[in-house]
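Subject: Structure handover

Hello,

Please find the structure below, with the sequence. My notes on what was found in it follow.

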Amino acid sequence: MSNNIDLLDSNFAIFLRLWAMATFAQMEQGIPQAGSADIIGHFSSLIINFSLGDKVANLEIAIVGYEVATTVLTRETYPEKWAMMKYSLALLRPVVKIVKDAQEAGFISNQIFFIQEILPDQDSWPQTFEEYLKYEDFLMELLQVTSNNDFQELAVILKSGINRLDKLFAQVLRKWAILEMFERDPQKAHIVATDIGNLISKIKDFPLGKRRDNLEIAIIGYYVISVLFTKENYPLQWAMLQMNLASAYCSRVQGNPAINLELSIAFYQSALQIFFVDKYKEYWAATQQNLGNAYANRIYGSRAENLNLAISAYQSVLQVLRLEDSSQMQIWAKTQSNLGNAYNDQVRGNRLEDVELAIGAYQAALQVYKPETFPEDWARTQTNLANSYSNRVKGDRSENLEIAIDYYQLALQVYKPETFPQEWARTKICLGSAYDDRIRGTREENLEQAITTYEEALQIYNREAFPKKWATTCMNLAVSYQHRLRGDREENQERAICLYQECLQVITQAQYPEQWAEVHINLANTYHNRLKGERTENLKQAIAATEGALQILTRQEFPERWAGIQVTLGTIYQKQRQVVEAIACFRAAIEVYQPRTFPIECLQAAGRLGYIASLAELWIEVIEGYDTAIQAVEQSRTWASTDRRKQEIISEVIDVYVGIVQAYIKINQPDKAIEYVERSKARNLVELLATRDLYPKGDIPEAVINELSRLRRAIDAEQRRVEIQQTNRNSNGGTISGETRPPNRHPTNYQPRFYQSHPIAATTRRIARP
């Protein structure tokens with residue numbers, strides 16, 4: 001074959017089929033035909049493992065070989081050989097389709113690696129006959145109690161024999177099942193196959209033992225019984241098998257996660273060939289929903305397009321199911337919840353609208369999910385709502401975060417480490433993120449709360465059992481150490497760097513490109529503020545990490561994250577006094593972070609633009625940056641729930657108003673300066689503008705002095721009105737939203753505090769949805 005690689009193609013497969021059928025027709029039935037068919041089957045087995053040439057073409061040739069061989073080596077005459085070839089066909093047909101689809105989409109470059117990752121291990125086998133008998137006896141015991149529908153006893157036996165649930169068990173099951181099912185009469189074979197299906201489904205969901213091995217046992221078992229339950233003879237059972245294979249591949253630990261999801265999608269799509277909406281409405285809805293989940297988690301392809309496919313799948317379900325139908329309301333609620341997840345994860349479109357749609361979907365799900373009847377689903381929805389409020393653009397940021405924390409705490413009333421360890425840990429991670437972002441309370445205490453919460457989650461998410469979740473938690477913990485105020489700052493930074501580097505041992509670019517990029521963004525943030533080591537080298541490390549992330553998080557695919565990276569990169573250039581490069585980065589970020597849709601992010605990016613431009617006395621650019629920042633501030637103020645909170649927002653960001661007033665004075669436009677003082681309605685800004693040394697030669701125009709006097713009186717009156725209103729509200733039992741912060745005092749040559757101490761972390765620290 002090595003000398004004729006160029007002949008091993010799809011044409012050869014066609015030729016093999018024609019030649020074999022013609023040859024069989026000319027031969028006597030019986031041993032001569034069987035011998036030739038056996039040779040063709042053996043050739044098929046060899047070419048599957050042939051490492052040269054086009055791997056897909058080799059598999060297509062093998063498929064044809066098995067197909068023609070089984071026309072002679074039938075179930076009645078050679079049941080074992082027929083069954084083994086049919087098993088191989090069940091494995092190879094979906095593989096060829098998936099590899100072809102992946103190649104056309106440009107997802108893969110190495111066929112051999114891709115195919116090896118798809119196929120389950122077939123090489124393991126007990127070393128002695130005695131060892132084989134132990135596994136077979138264990139299998140017989142399991143099948144007996146499964147046949148009796150005694151699933152409580154089955155759980156006991158699985159627990160006692162947990163050490164035998166491994167790859168050897170999977171291969172013993174495969175060999176025994178093929179021989180047993182196809183040497184029996186069809187009726188008994190059907191019973192055996194049904195028992196095997198029930199058993200492996202229980203093993204797939206068994207909470208003890210090694211999850212990796214449990215899933216591999218299930219996958220091999222499903223392939224085995226699919227030899228009997230064919231699409232032609234048992235369409236409904238076949239479709240259910242496709243669903244089970246899809247579910248197993250979706251959860252699979254072994255192999256490449258991206259490839260496993262492609263298999264999952266392919267099997268769900270196969271199930272829909274039988275599950276028509278008008279004939280099997282519930283099955284169709286469940287398959288569409290699961291297909292949506294697979295698209296939502298898909299690694300290959302455009303993230304935005306995959307999420308749109310997920311949303312379309314969920315919406316198609318909601319168009320068919322009705323809340324009023326008691327038989328449908330659970331899957332209706334679950335679909336609403338998944339739809340909310342997809343909107344929450346959107347990377348394109350209007351972020352403000354997407355989060356509001358997510359909140360609406362979760363609230364709809366809560367019409368069904370009540371803590372008394374569906375406590376686990378209710379708790380999961382509380383967590384999802386909390387995630388939405390943590391990311392919410394609309395409304396007051398500090399209030400949204402408090403709502404998020406309350407929702408997480410509600411979820412933890414159900415999720416206990418003893419009963420729901422993984423859900424408890426997942427919610428703890430989300431709660432830690434909310435504390436890390438929290439505005440109310442003291443920053444120092446909030447960060448300590450975040451660190452404690454993440455460390456609690458790591459009691460469940462250890463590296464051995466949950467490598468990906470362990471890495472995600474470590475990344476979040478690193479972010480909190482990166483910002484930590486308590487303790488030695490240098491030690492905190494080094495701890496953060498160490499945690500990020502440990503994460504990258506699990507989160508590789510090949511397997512988890514998005515998360516890999518996020519870790520590099522956070523590393524860049526830490527390196528550019530690093531105290532230890534040579535400053536020039538640290539900044540080089542920061543830029544390198546940022547550029548690596550930009551290879552993955554492009555503007556087209558991930559506009560929000562891309563904009564966050566631009567802010568990080570601009571901040572690094574700012575520290576290097578590379579003004580032109582910094583301004584370019586901040587401007588690029590503002591193109592995505594618009595004041596109306598991303599007011600908080602816009603304020604940070606535009607404020608930095610104004611500040612770096614002021615250092616270079618580029619007053620037009622200063623005005624550009626601060627004017628955009630002020631638009632973002634005013635958008636946030638429209639969402640504030642009280643007048644007091646509106647004043648607090650101005651107080652917190654008075655820097656930007658000071659900056660634009662200063663810039664207009666520098667270019668001799670006092671009327672514009674007064675306009676921004678008016679917009680701020682801040683007395684300390686009035687006092688600053690009245691300072692004579694802001695003006696050339698200390699001359700303040702008479703018109704400006706008169707206007708400032710009017711503004712002082714107006715501001716005093718407004719402050720008295722707010723105080724009276726607040727006093728009346730408190731006396732009526734109301735509460736004050738937010739906490740009072742003293743006004744910030746800045747000298748003429750100020751440096752805004754939020755540009756120094758809180759570098760933007762472009763990473764989304766919210767854990768993957770529950």
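This is a predicted model: local features need pLDDT of at least 70, side-chain atom pairs count only at pLDDT 80 or more; totals for chains, interfaces and linings use all residues.

The crossing of α28 and α30 is left-handed (the near helix is turned anticlockwise from the far one by less than a right angle; clockwise would be right-handed). Helix α28 covers residues 619–639 and helix α30 covers residues 654–666. Their axes are 9 Å apart, and the packing angle is about 145 degrees. The axes are lines fitted to C-alpha atoms, for helices over the stretch in contact, and the angles run from 0 to 180 degrees between N-to-C directions. Two packed helices are described by the angle between their axes and the distance between the axes.

On the α28 side, the contact (heavy atoms within 4.5 Å) is made by Trp619, Val622, Ile623, Tyr626, Asp627, Ala629, Ile630, Val633 and Glu634. On the α30 side, Val656, Tyr657, Gly659, Ile660, Ala663, Tyr664 and Lys666 take part. By type, the residues of this contact are 12 nonpolar, one polar and three charged. In that count, Ala, Val, Leu, Ile, Met, Phe, Trp, Tyr, Cys and Pro are nonpolar, Asp, Glu, Lys and Arg are charged, and the others, Gly among them, are polar.

Residues are numbered from 1 along each chain as its sequence is written, and side-chain values use heavy atoms, with hydrogens and water left out.

The pLDDT is the predictor's confidence in each residue, from 0 to 100. Its mean for the protein chain is 83, and 83% of the residues reach 70 or more. Confidence is highest in helix α20 (residues 443–457), at a mean of 96, and lowest in helix α32 (residues 683–690), at 48. Two stretches have a pLDDT below 50: residues 690–698 and residues 729–770.

Now the chain as a whole. The protein chain has 33 helices and zero strands. Of its 770 residues, 55% count as buried (buried is under 20% relative accessible area, exposed is over 50%, and partly exposed is in between, with a 1.4 Å probe and protein chains only). Among contacts between residues at least 6 apart in sequence, 67% join residues at least 24 apart.

Cysteine 498 is partly exposed, at 33% relative accessible area, whereas cysteine 602 is buried at 0%.

Two residues in helix α17 are worth a look. Serine 388 lies in this helix, which spans residues 375–391, and is buried at 0% relative accessibility. Not counting residues up to four places away in sequence, serine 388 touches Asn344, Val355, Ala358, Ile359 and Tyr362. Alanine 386 is also in α17 and is likewise buried, at 0%. Leaving aside neighbours within four places, alanine 386 is in contact with Ala404, Tyr407 and Tyr408.

Some loop residues come next. Glutamate 617 sits in the loop between α27 (599–615) and α28; its phi is near 55 degrees, a positive value in a residue other than glycine. Asparagine 668, in the loop between α30 and α31 (670–680), has a positive phi near 60 degrees. Glutamate 617 is exposed at 55%, and asparagine 668 is exposed at 63%.

Serine 326, in the loop between α14 (303–320) and α15 (329–345), is exposed at 57%. Its C-alpha is 9.9 Å from that of valine 368, 42 residues away in sequence.

Regards

Methods. Helices (H or I, at least four residues) and strands (E, at least two) are DSSP runs, numbered from the N terminus.
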